[in-house]
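Try each task before reading its solution.

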Amino acid sequence: MKQLQIVLLHLTLALFSEAVAANSTRTYYIAAEEVLWDYAPSYPVNPMHNAEFNEEEKVFVGGNNTDLIGRQYYKARYIEYTDASFSKVKERPPEWRHLGILGPVIRANVGDTIKVVLRNKIENMPISLHPHGVLYRKDSEGTHYADGTSGDDRKDDLVEPGETHTYLWQVPERSGPGPQDPSSIIWLYHSHVNEVVDTNTGLIGPIIISRRGVLQKNGKLKGIDREFVVLFTVLDENKSFFLDKNIDSFAPAASDKKEDEDFVESNLMHSMNGYVYHNLPNVTMKQGETVRWYQLSLGTEVDLHTPHWHGNTLTENGHRVDVVNLLPATHVTLDMKPDNPGIWMYHCHVNDHIDAGMMASYEVKPRQR
Ligand SMILES: [Cu+2]
């Protein structure tokens, strides 16, 4: 009897220590930085037709030294570093290059803890990092409003230039996939000092939370060959923190035209991860793989988006689709088992957004025989 008790005790201890070991703290070093962003690196060629951009498309990408700004804008981005010294940028691997302007993927399994060390490297612009979905207390919410907090509980709300703040978030069951969800789901994070300005300036990123044990040591999800994260949003450069700098740098002739209808229109960048007109890079997979697609949106009343995949179909929580619905700050996770090789169009199906360049493609490479 005594022996049995000892065996049971050992078994309990072993299970307990495994459970403890399986839960980890995942630390991210992220700096907010000013960058020169290019919405259409392919310019002057529109890869969709393999021909030069036409006059209508040039409204958005053709400016620079005219009275329109063009395809390049100063923006802000969340950039990942290797450690707390913030001296070495963590290189983005090829499979994540499609993230474009988005910050690094912050990810965890249910049961983990997420720690984000945020450094503000932008001159003059206070920023923060506000997450959706995960469990944060008042000292890690990253939003400035009259919530009754003060002192250390407020330091997360507004990180001044040159300053650093550490955010701590828990990942309980209620932050992970629900009963009808796939094995992982996506949330947004973004700066929330002046939400509208901060997000239009580019301070946005994804959080992926998976069920216990699904995210493996190699950084991949069990049973999933590839993941793609795509944010559909009309980045409104008229509301960017850097609007004046962009006008001075790229369209000095527009300095007195900020309210001009054509000028305003030309700064509405209908983008997928900060790219327009088939510039979204590296969306490549193999026939027969299991591919997880996370779709995000953010923005205002024009930001109703309907991502559409040509050539293959997907499942959205058990329903078969080739189009999904997005509204500002909503998210959808889908799975695709591509059976149809080729280069396929992948775009927002809203007519006005098609014209304005919310277009991309993905490639399914044939299975090797
Ligand atoms: Cu759209």
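Cys 348 is buried, with a relative accessible area of 0%. Here buried means under 20% relative accessible area, exposed over 50% and partly exposed in between, using a 1.4 Å probe and protein chains only. The model is predicted: local features need pLDDT of at least 70, side-chain atom pairs count only at pLDDT 80 or more, and totals for chains, interfaces and linings use all residues. Residues are numbered from 1 along each chain as its sequence is written, and side-chain values use heavy atoms, with hydrogens and water left out.

**Exercise 1. Find the residues that coordinate the copper ion.**

Step 1. List the donors, meaning N, O and S atoms within 2.8 Å of the metal (3.2 Å for Na, K and Ca); water is not among the atoms, so sites may look incomplete. They are His 305 (ND1), Cys 348 (SG) and His 353 (ND1), at 2.0 to 2.1 Å.

Step 2. Read the spacing along the chain. It is H-x42-C-x4-H.

Step 3. His 305 lies in the loop between β14 (291-297) and β15 (307-309), and Cys 348 lies in strand β19 (residues 342-348), 43 residues apart. Strands are DSSP runs of E, at least two residues long, and helices are runs of H or I, at least four; both are numbered from the N terminus.

Step 4. Check the burial of His 305. Its relative accessible area is 0%, so His 305 is buried.

**Exercise 2. Give the strand order of the four-stranded open sheet.**

Step 1. Write the order: β4-β1-β6-β8, with mixed pairing.

Step 2. Find the edges. β4 (72-81) and β8 (164-170) each have a single partner strand, so one side of each is left without a neighbour in the sheet.

Step 3. Inspect one pair. Strand β6 (residues 113-120) and β8 run antiparallel, joined by seven bridges. Thr 113 stands opposite Gln 170 in β8.

Methods: Two strands pair if DSSP finds at least two bridges between them.
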